[in-house]
Amino acid sequence: MSAVCWQCNEDDTMQSNLTNERWAFVSSEPAGRREIRFALAAAILSILVFAAIAPFARTPMPQHPVFIPIYVTALVVSDLITAALLFGQFTVLRSSPVLVLAAGYLFTACITLAYSLVFPGMFSATGLLGSGPQSSSVMYMIWHAGFPLVVMLYTKCRPPVPVLQVTRLSSRRSPYGAIACVAAAVLAVTWAATLLATAGAASLPEFLRGHQTTPLGYSVLWGIWLLALSALVVLFRRKPHGVLDVWLMVVMTVWLCDIALGALLNTGRYDLGWYAGRIYGVLAASALLVVLLMEDIRHFARLMQMSVDLRLANQSLAEVSRIDALTQVANRRHFDEYLSEQLAVAQRHRRPLSLVLCDIDHFKAFNDRYGHEAGDTRLKGVASVLAACCQRPSDLAARYGGEEFAIILPDTDTTGAAHIAEAMRKAVAGFEGYADEGTVRPRSTISCGVASWQPTMTAKSLIVEADLALYQAKGLGRNRVVPLPAASLDEPGWVQPRSSYAS
Ligand code: GH3
Ligand code: MG
Ligand code: MG
């Protein structure tokens, strides 16, 4: 509830970050405009329907004893589900108001069940459990006074604790002991009420004569109605309102209509007011249940969205962690992982695998001449050319470090890899796309060492072999490809080494 906000010491930013986690339950959620509007509309609608029916409350209606079992079943099922949901929320929130309310709904479920047992004509002509003619009336009174009392107790309990806080508390003590105690207390109260309404009914004053309520019965019922009204007022005055408060106010409004139509404005059983009052009773019982279920669906949807967002964030994080920030090709970590993966595949299927190590020639001189920013732009350009030369989806171009790149070529033997390396060398040497560098600068060349995996080799020895080949390419004059073991190239593209950056 909004009351939770009073307890928050965090600054606004932190609070908004935690908002979704805190308001994970309707019982700990502050009422927004949407809830207030809906609740107000529901309350106004109930009052309007009440006003329309009230003048005809005494109209006699056909007696349908089957109405009672239907009414009782609907009430008991809906109250029990509401109680179960609230108990469930209590196990997480450990909020005493939620526990009290859950107990209230369990009480209404139990007492409704007991009411059905003593109602004449339901299980026997006079009712079970040795009930007398006014037993069901007494049960109705206890039932309709009990719930407003529970609601008042609910308002007196401290506001619910934020979810994060209670989650930490939850590890300390099991909530099931409290639930068991409360459930036992509810059963005891119901048992005592039933005893009073049956065995003790004879010693009670006369509330019902035949099917007619006596003046004393009306006084008690008016008292109960005023009690329900007080519960509504207390709820209203307990600000700021949480979602649960707002919907409990609707429940109490419907409760007032229920008592007024079904017990005060009517004359007795089976008139219009009596039927309408019972229907209001079912509405009052199911109002909170509907809200809890709707909120559950809303929270579930929010949870689904969060899990999708989280998965996407994880995906992009995984991608970012595998990409070199400057050149946007795979980084060294991804290179290492991919090489060992592909070596395992090559080993298992006895397939060839080659590695090309490329190094930009005289790059230090380029940097010295044009500056590091220009060097970075050049690195990006070379990386994009190398990546574009990787034809198969399984080929991977990575930045090995500094101005060195490594290309993993699965399913490629030395000759094939040497051809690809040669194509790369040519593409870099002939690349015209350094336009974004702003000024025209000499093209770069690369030297490439090619090595192919042999069954005795590890990832490390393959890299060492490719490095050796690269070293030879540098030694032979740069801007060339050297494969190890030697492979014949149809079109060897060696050119004489020349540093075009030297000033
Ligand atoms: P060689 O032909 O023998 O490879 O000569 P080289 O100058 O390219 O090699 P050397 O190892 O002497 O220098 C590598 C240079 O690459 C040094 C450094 O200035 C440059 N370099 C490495 N990483 C980066 C980078 O991220 N950005 C820039 N701008 N330059 C880099
Ligand atoms: Mg180098
Ligand atoms: Mg270099």
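The largest share of the shell around ligand 1, four residues, is supplied by α14, one of the helices of this predicted model, where helices (H or I, at least four residues) and strands (E, at least two) are DSSP runs numbered from the N terminus. Residues are numbered from 1 along each chain as its sequence is written, while chains are lettered from A and ligands numbered from 1 in the order in which they are written. Because the model is predicted, local features need pLDDT of at least 70 and side-chain atom pairs count only at pLDDT 80 or more, whereas totals for chains, interfaces and linings use all residues; side-chain values use heavy atoms, with hydrogens and water left out.

**The shell around ligand 1**

At least two residues of the shell come from each of β3, α13 (363-370) and α14 (372-389). Of the 16 residues around ligand 1, those that come nearest are Asp359, His362, Phe363, Asp376 and Arg399, a residue being near a molecule if one of its heavy atoms lies within 4 Å of it.

| Residue and its atom | Atom of ligand 1 | Distance |
|---|---|---|
| Phe363, backbone N or O | oxygen | 2.7 Å |
| Lys364, polar backbone atom | oxygen | 2.8 Å |
| His372, backbone N or O | nitrogen | 3.1 Å |

The protein covers 69% of the 650 Å² of accessible area that ligand 1 has on its own, areas being computed by the Shrake-Rupley method with a 1.4 Å probe and, for residues, with only the protein chains shown counting as cover.

**The two magnesium ions**

Asp359 (OD) and Glu403 (OE) coordinate the magnesium ion (ligand 2) at 2.2 to 2.5 Å, where donors are N, O and S atoms within 2.8 Å of the metal (3.2 Å for Na, K and Ca) and, water not being among the atoms, sites may look incomplete. This pair links distant parts of the chain, with Asp359 in strand β3 (residues 353-360) and Glu403 in the loop between β4 (396-401) and β5 (404-410), 44 residues apart. The magnesium ion (ligand 3) is coordinated at 1.9 to 2.2 Å by Asp359 (OD), Ile360 (O) and Glu403 (OE), and its donors follow the spacing D-I-x42-E along the chain. Asp359 bridges the magnesium ion (ligand 2) and the magnesium ion (ligand 3), which lie 3.6 Å apart.

Asp359 counts as buried because its relative accessibility is 7%, buried meaning under 20% relative accessible area, exposed over 50%, and partly exposed in between (1.4 Å probe, protein chains only). Glu403 is likewise buried. The side chain of Asp359 also makes a polar contact of 2.8 Å with that of Lys474, a polar contact being a pair of N or O atoms within 3.5 Å; within protein, one must be able to donate a hydrogen and the other to accept it, and residues adjacent in sequence count only if both atoms are side-chain atoms. Not counting residues up to four places away in sequence, Asp359 touches Glu403, Glu404, Thr445, Ile446, Ser447, Leu470 and Lys474, contact meaning heavy atoms within 4.5 Å.

**Backbone geometry**

Most residues other than glycine have a negative phi, and most peptide bonds are trans. His362 has a positive phi, near 50°; this residue is placed in the loop between β3 and α13 and is partly exposed, with a relative accessible area of 26%. Asn479, also not a glycine, has a positive phi of about 50°, and is found in the loop between α16 (459-475) and β7 (481-484), where it is buried at a relative accessible area of 10%. The peptide bond from Lys239 to Pro240 is cis, with omega near 0°, and Pro240 lies in the loop between α9 (215-237) and α10 (243-264).

**The protein as a whole**

The secondary structure comes to 16 helices and seven strands, and buried residues make up 49% of the 503 residues in the protein. Among contacts between residues at least 6 apart in sequence, 75% join residues at least 24 apart. The accessible surface of the protein comes to about 24,100 Å², with 64% of this area belonging to carbon and sulfur atoms.
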